[in-house]
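Hello,

Here is the structure for you to look over. My notes on it follow below.

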Amino acid sequence: MPYGFYRFWDPTYILVIIGAVICLLASARVRTTFSKYSRVASRSGMTGAEAAQRILHRAGIYDVSIQHVQGNLTDHYDPKNKVLRLSDSVYGAASVAAVGVAAHECGHAIQHQNSYAPLAMRSAIVPVANLGSMLAWPLIVIGLFFSRNSGSFLITLGIICFSMAVLFQLVTLPVEFNASARAIRILGETGILAGDELKGTRKVLSAAALTYVASAAAALLQLLRLVLLFGDRGRRE
(Lines give C-alpha, C1' and ligand atoms only; values in the text may rest on other atoms or scores of the structure.)
Protein backbone atom coordinates (compact mmCIF):
# COMPACT_ATOMS: atom_id res chain seq x y z
CA MET A 1 0.00 0.00 0.00
CA PRO A 2 1.17 3.63 -0.46
CA TYR A 3 3.66 4.90 2.06
CA GLY A 4 1.33 7.25 3.99
CA PHE A 5 2.06 10.44 5.79
CA TYR A 6 1.56 8.72 9.12
CA ARG A 7 5.21 7.67 8.89
CA PHE A 8 6.22 11.24 9.72
CA TRP A 9 4.71 10.87 13.19
CA ASP A 10 7.19 8.58 14.86
CA PRO A 11 9.99 8.54 17.44
CA THR A 12 12.53 9.85 14.92
CA TYR A 13 11.08 13.30 15.54
CA ILE A 14 13.34 13.38 18.58
CA LEU A 15 16.24 13.88 16.16
CA VAL A 16 14.60 17.00 14.76
CA ILE A 17 13.90 18.29 18.25
CA ILE A 18 17.49 17.70 19.34
CA GLY A 19 18.76 19.55 16.27
CA ALA A 20 16.43 22.49 16.91
CA VAL A 21 17.46 22.72 20.57
CA ILE A 22 21.15 22.65 19.65
CA CYS A 23 20.64 25.48 17.15
CA LEU A 24 18.64 27.56 19.64
CA LEU A 25 21.28 27.17 22.33
CA ALA A 26 24.10 28.07 19.95
CA SER A 27 22.18 31.10 18.68
CA ALA A 28 21.47 32.28 22.23
CA ARG A 29 25.11 31.91 23.19
CA VAL A 30 26.44 33.94 20.27
CA ARG A 31 23.92 36.72 20.97
CA THR A 32 24.77 36.95 24.66
CA THR A 33 28.53 36.70 24.08
CA PHE A 34 28.50 39.32 21.34
CA SER A 35 26.32 41.59 23.47
CA LYS A 36 28.71 41.27 26.42
CA TYR A 37 31.85 42.17 24.47
CA SER A 38 30.06 44.83 22.44
CA ARG A 39 30.14 46.81 25.66
CA VAL A 40 33.93 46.46 25.95
CA ALA A 41 35.62 49.26 24.03
CA SER A 42 38.84 48.44 22.22
CA ARG A 43 41.78 50.43 23.52
CA SER A 44 42.93 51.23 19.98
CA GLY A 45 39.64 53.04 19.38
CA MET A 46 39.39 51.50 15.92
CA THR A 47 35.95 50.70 14.56
CA GLY A 48 35.15 47.47 12.81
CA ALA A 49 35.40 49.17 9.41
CA GLU A 50 38.74 50.78 10.26
CA ALA A 51 40.18 47.53 11.57
CA ALA A 52 39.00 45.71 8.44
CA GLN A 53 40.65 48.29 6.20
CA ARG A 54 43.93 47.99 8.03
CA ILE A 55 43.87 44.19 7.96
CA LEU A 56 43.07 44.02 4.25
CA HIS A 57 45.82 46.47 3.34
CA ARG A 58 48.29 44.62 5.53
CA ALA A 59 47.45 41.47 3.55
CA GLY A 60 48.03 43.32 0.29
CA ILE A 61 44.34 43.38 -0.58
CA TYR A 62 43.23 46.68 -2.11
CA ASP A 63 40.42 45.55 -4.42
CA VAL A 64 37.93 44.59 -1.67
CA SER A 65 35.50 47.32 -0.70
CA ILE A 66 33.98 47.65 2.78
CA GLN A 67 30.29 48.44 2.95
CA HIS A 68 27.73 48.96 5.67
CA VAL A 69 24.81 46.53 5.67
CA GLN A 70 21.72 46.77 7.84
CA GLY A 71 20.88 44.19 10.45
CA ASN A 72 22.49 42.55 13.45
CA LEU A 73 25.33 40.08 12.82
CA THR A 74 24.57 40.07 9.10
CA ASP A 75 28.28 40.48 8.38
CA HIS A 76 29.67 38.54 5.44
CA TYR A 77 32.25 38.55 2.67
CA ASP A 78 30.99 38.43 -0.90
CA PRO A 79 33.73 36.77 -2.99
CA LYS A 80 31.89 37.28 -6.27
CA ASN A 81 31.81 41.07 -5.97
CA LYS A 82 34.78 41.35 -3.59
CA VAL A 83 32.79 43.23 -0.98
CA LEU A 84 33.11 42.93 2.77
CA ARG A 85 29.78 43.90 4.35
CA LEU A 86 29.64 44.84 8.03
CA SER A 87 26.45 45.15 10.06
CA ASP A 88 25.13 47.99 12.20
CA SER A 89 26.78 46.65 15.36
CA VAL A 90 30.17 46.15 13.70
CA TYR A 91 30.80 48.74 10.98
CA GLY A 92 30.99 51.87 13.13
CA ALA A 93 31.48 50.27 16.54
CA ALA A 94 34.82 50.39 18.36
CA SER A 95 34.26 47.36 20.58
CA VAL A 96 36.23 44.18 21.07
CA ALA A 97 33.34 42.20 19.58
CA ALA A 98 32.99 44.45 16.52
CA VAL A 99 36.69 44.38 15.70
CA GLY A 100 36.76 40.60 16.10
CA VAL A 101 33.84 40.03 13.74
CA ALA A 102 35.32 42.44 11.18
CA ALA A 103 38.64 40.60 11.36
CA HIS A 104 36.86 37.28 10.88
CA GLU A 105 35.27 38.51 7.65
CA CYS A 106 38.68 39.77 6.54
CA GLY A 107 39.87 36.22 7.14
CA HIS A 108 37.48 35.09 4.40
CA ALA A 109 38.82 37.75 2.03
CA ILE A 110 42.35 36.53 2.71
CA GLN A 111 41.23 32.94 2.12
CA HIS A 112 39.83 34.04 -1.22
CA GLN A 113 43.05 35.81 -2.16
CA ASN A 114 45.13 32.75 -1.22
CA SER A 115 42.78 30.28 -2.97
CA TYR A 116 42.12 28.45 0.28
CA ALA A 117 40.97 24.98 -0.82
CA PRO A 118 37.95 24.49 1.50
CA LEU A 119 36.61 27.93 0.51
CA ALA A 120 36.97 27.08 -3.17
CA MET A 121 35.24 23.76 -2.55
CA ARG A 122 32.38 25.45 -0.69
CA SER A 123 31.91 27.98 -3.48
CA ALA A 124 31.88 25.20 -6.06
CA ILE A 125 29.13 23.21 -4.35
CA VAL A 126 26.87 26.20 -3.57
CA PRO A 127 24.73 25.74 -6.73
CA VAL A 128 24.37 22.00 -6.10
CA ALA A 129 23.59 22.53 -2.41
CA ASN A 130 20.96 25.16 -3.20
CA LEU A 131 19.33 22.93 -5.80
CA GLY A 132 19.45 19.99 -3.40
CA SER A 133 17.77 22.00 -0.65
CA MET A 134 15.04 23.07 -3.04
CA LEU A 135 14.31 19.62 -4.50
CA ALA A 136 14.87 17.29 -1.53
CA TRP A 137 11.50 17.50 0.24
CA PRO A 138 9.32 17.80 -2.89
CA LEU A 139 10.92 14.62 -4.26
CA ILE A 140 10.42 12.78 -0.97
CA VAL A 141 6.78 13.87 -0.62
CA ILE A 142 5.95 13.00 -4.22
CA GLY A 143 7.61 9.62 -3.74
CA LEU A 144 5.17 8.84 -0.93
CA PHE A 145 2.31 8.65 -3.41
CA PHE A 146 3.96 6.20 -5.78
CA SER A 147 4.32 2.44 -5.66
CA ARG A 148 7.37 0.72 -4.24
CA ASN A 149 9.82 0.98 -7.17
CA SER A 150 8.96 4.46 -8.47
CA GLY A 151 8.40 5.88 -5.01
CA SER A 152 11.63 4.46 -3.60
CA PHE A 153 13.60 5.93 -6.48
CA LEU A 154 12.17 9.41 -5.92
CA ILE A 155 12.68 9.23 -2.16
CA THR A 156 16.26 8.05 -2.57
CA LEU A 157 16.90 10.87 -5.03
CA GLY A 158 15.43 13.30 -2.50
CA ILE A 159 17.72 12.00 0.24
CA ILE A 160 20.73 12.37 -2.07
CA CYS A 161 19.69 15.97 -2.80
CA PHE A 162 19.41 16.65 0.93
CA SER A 163 22.88 15.13 1.40
CA MET A 164 24.30 17.83 -0.87
CA ALA A 165 22.98 20.48 1.50
CA VAL A 166 24.49 18.59 4.44
CA LEU A 167 27.83 18.42 2.61
CA PHE A 168 27.78 22.19 2.25
CA GLN A 169 27.29 22.55 6.01
CA LEU A 170 30.24 20.26 6.70
CA VAL A 171 32.58 21.98 4.24
CA THR A 172 31.66 25.32 5.83
CA LEU A 173 33.14 24.28 9.19
CA PRO A 174 36.86 24.38 8.28
CA VAL A 175 36.27 27.61 6.35
CA GLU A 176 34.80 29.35 9.40
CA PHE A 177 37.28 27.95 11.92
CA ASN A 178 40.20 28.95 9.71
CA ALA A 179 38.85 32.49 9.25
CA SER A 180 38.56 32.88 13.03
CA ALA A 181 42.08 31.56 13.59
CA ARG A 182 43.42 34.01 11.01
CA ALA A 183 41.51 36.84 12.68
CA ILE A 184 42.94 36.18 16.14
CA ARG A 185 46.47 35.87 14.79
CA ILE A 186 46.29 39.04 12.70
CA LEU A 187 44.73 41.11 15.47
CA GLY A 188 47.55 40.06 17.78
CA GLU A 189 50.32 40.64 15.24
CA THR A 190 49.05 44.10 14.27
CA GLY A 191 48.40 45.17 17.83
CA ILE A 192 44.85 46.19 16.99
CA LEU A 193 43.79 44.31 20.11
CA ALA A 194 45.85 43.61 23.24
CA GLY A 195 46.20 40.29 25.05
CA ASP A 196 43.17 40.51 27.31
CA GLU A 197 41.09 41.96 24.48
CA LEU A 198 42.01 39.00 22.31
CA LYS A 199 40.54 36.69 24.94
CA GLY A 200 37.20 38.43 24.59
CA THR A 201 37.36 38.34 20.80
CA ARG A 202 38.23 34.65 20.89
CA LYS A 203 35.11 33.98 22.98
CA VAL A 204 32.94 35.90 20.51
CA LEU A 205 34.33 34.06 17.50
CA SER A 206 34.16 30.69 19.25
CA ALA A 207 30.50 31.28 20.06
CA ALA A 208 29.86 32.24 16.43
CA ALA A 209 31.65 29.11 15.23
CA LEU A 210 29.38 26.98 17.39
CA THR A 211 26.38 28.16 15.38
CA TYR A 212 27.91 26.54 12.30
CA VAL A 213 28.64 23.36 14.25
CA ALA A 214 25.04 23.35 15.48
CA SER A 215 23.67 23.82 11.96
CA ALA A 216 25.82 20.98 10.65
CA ALA A 217 24.75 18.72 13.53
CA ALA A 218 21.07 19.53 12.94
CA ALA A 219 21.44 18.79 9.23
CA LEU A 220 23.15 15.47 9.96
CA LEU A 221 20.39 14.51 12.41
CA GLN A 222 17.76 15.35 9.81
CA LEU A 223 19.60 13.24 7.24
CA LEU A 224 19.78 10.36 9.73
CA ARG A 225 16.04 10.67 10.28
CA LEU A 226 15.36 10.44 6.56
CA VAL A 227 17.50 7.33 6.26
CA LEU A 228 15.78 5.71 9.25
CA LEU A 229 12.34 6.54 7.89
CA PHE A 230 12.79 5.55 4.30
CA GLY A 231 15.85 3.32 4.17
CA ASP A 232 13.75 0.20 4.79
CA ARG A 233 10.67 1.34 2.85
CA GLY A 234 10.56 -1.76 0.70
CA ARG A 235 10.60 -4.16 3.66
CA ARG A 236 7.75 -2.35 5.39
CA GLU A 237 5.33 -2.29 2.45
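Predicted model: local features only at pLDDT ≥ 70, side-chain atom pairs only at ≥ 80, totals over all residues.

**Fold and contents**

Residues are numbered from 1 along each chain as its sequence is written, and side-chain values use heavy atoms, with hydrogens and water left out.

The C-alpha trace spans about 70 × 35 × 25 Å along its principal axes. Of the 237 residues, 45% count as buried (under 20% relative accessible area; exposed is over 50%, partly exposed in between; 1.4 Å probe, protein chains only). Take the contacts (heavy atoms within 4.5 Å) with a separation of 6 or more: 74% join residues 24 or more positions apart.

The 3 strands form an open sheet, order 1-3-2, with mixed pairing. Strands pair if DSSP finds at least two bridges between them. Strand 1 (65-68) and strand 2 (76-78) are the edges; each has a single partner strand, so one side of each lacks a neighbour in the sheet. Neighbouring strands are turned by 25 degrees on average, direction ignored. Strands 1 and 3 run parallel, joined by 4 bridges. I66 has L84 of strand 3 as its bridge partner.

Helix 4 lies across strands 2 and 3, at about 25 degrees to strand 2. Axes are lines fitted to C-alpha atoms, for helices over the stretch in contact; angles run from 0 to 180 degrees between N-to-C directions.

**Cores**

A nonpolar core is a set of buried Ala, Val, Leu, Ile, Met, Phe, Trp, Tyr and Cys residues joined through side-chain atoms within 4.5 Å. The largest has 33 residues; I55, L56, L84, L86, L187 and I192 touch the most other members. Helix 4 gives the largest share, 9 residues. Beyond four places in sequence, L187 contacts I55, V99, G100, A103, I192, L193, L198 and T201. Another core lies apart, with 15 residues, including C161 and F230.

**Charges over rings**

R182 has its charged end over the ring of Y116, 5.5 Å from the centre. R225 sits likewise over Y13, at 4.3 Å. The rule: NZ of Lys or CZ of Arg within 6 Å of the ring centre and within 35 degrees of the ring normal.

Best regards

Notes
Helix = DSSP H or I, 4+ residues; strand = E, 2+ residues; numbered from the N terminus.
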